[in-house]
Amino acid sequence: MKKTLLAIAAVSAFTSGAAFAQSADAVGPFMVRVRAVHLDSRNHDTTGLDLSINNKWIPEVDVSYFFTPNFAAELILTYPQKHDLRAGGDKIGSLKHLPPTLLGQYHFTGMGAFKPYVGAGINYTRFSAVKFAPAVDAALSPSIKKNSWGGALQVGFDYAIDKNWSLNFDVKKVYIGTDVYSAGNKVGSFKVDPVLIGVGVGYRF
């Protein structure tokens with residue numbers, strides 16, 4: 001009986017230790033990334049005013065949840081970004097935009113530390129703090145639609161440093177646009193449709 005109890009205890013200790021080691025090596029379903037992103041606006045309008053906003057570097061934070069090793073959802077966030085609004089190269093005002101984006105992703109596995117992915121989803125952009133130069137305001141009484149819904153496409157990769165930390169490179173195409181009004185009448189549309197190229201770090205837990 002003593003020998004049997006000792007054998008059971010030894011097996012239990014071994015399996016418990018193995019289970020602990022396995023859980024210590026495992027990673028959770030969440031990943032947080034911090035990126036520096038260059039926003040490159042495509043700037044196309046139908047108003048005849050040659051509208052554009054400036055390109056700039058912006059900070060970005062995203063939170064991903066892995067449903068399986070291959071499938072994940074990613075929510076991309078930043079704070080309202082300020083841009084100069086120009087017509088034919090001349091500054092006529094400024095605005096801010098807040099563009100949270102939700103993406104579904106497919107992550108390719110079996111490539112070691114190199115972990116590429118593709119994604120597609122939807123973007124919502126809120127325009128705020130829209131201001132026009134006094135002369136433009138007096139002449140045209142301009143305004144824009146404050147809300148924009150559009151698609152988003154993504155391709156990128158993580159390169160694992162260890163089981164938690166990774167480096168990230170990411171490219172997104174986001175479809176953002178608004179209607180332009182003068183004295184309450186629609187005069188055309190303005191599409192930003194930026195390409196965003198980002199580099200950063202990620203942490204899986």
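1. A word on conventions. Residue numbers start from 1 along each chain as its sequence is written, and side-chain values use heavy atoms, with hydrogens and water left out. Local features need a pLDDT of at least 70 and side-chain atom pairs a pLDDT of 80 or more, while totals for chains, interfaces and linings use all residues.

2. Confidence comes next. The average pLDDT (the predictor's confidence in each residue, from 0 to 100) is 90 for the chain, and 88% of the residues score at least 70. Residues 1-24 fall below 50, and this stretch has one contact (heavy atoms within 4.5 Å) beyond near neighbours in sequence. Where pLDDT is low, the predicted coordinates should not be read in detail.

3. Now the overall layout. The chain has two helices and 15 strands; these are DSSP runs numbered from the N terminus, with helices being H or I of at least four residues and strands E of at least two. Among contacts with a separation of 6 or more, 64% link residues 24 or more positions apart.

4. Asn123 has a relative accessible area of 0%, so it counts as buried (under 20% relative accessible area, 1.4 Å probe, protein chains only). Leaving out residues up to four places away in sequence, its contacts include Ser148, Trp149, Val174 and Tyr175.

5. Finally, look at the side chain of Asn123. A polar atom there lies 3.4 Å from the backbone oxygen of Pro100.

Notes. Buried means under 20% relative accessible area, exposed over 50%, partly exposed in between (1.4 Å probe, protein chains only). A polar contact is a pair of N or O atoms within 3.5 Å; within protein, one must be able to donate a hydrogen and the other to accept it, and residues adjacent in sequence count only if both atoms are side-chain atoms.
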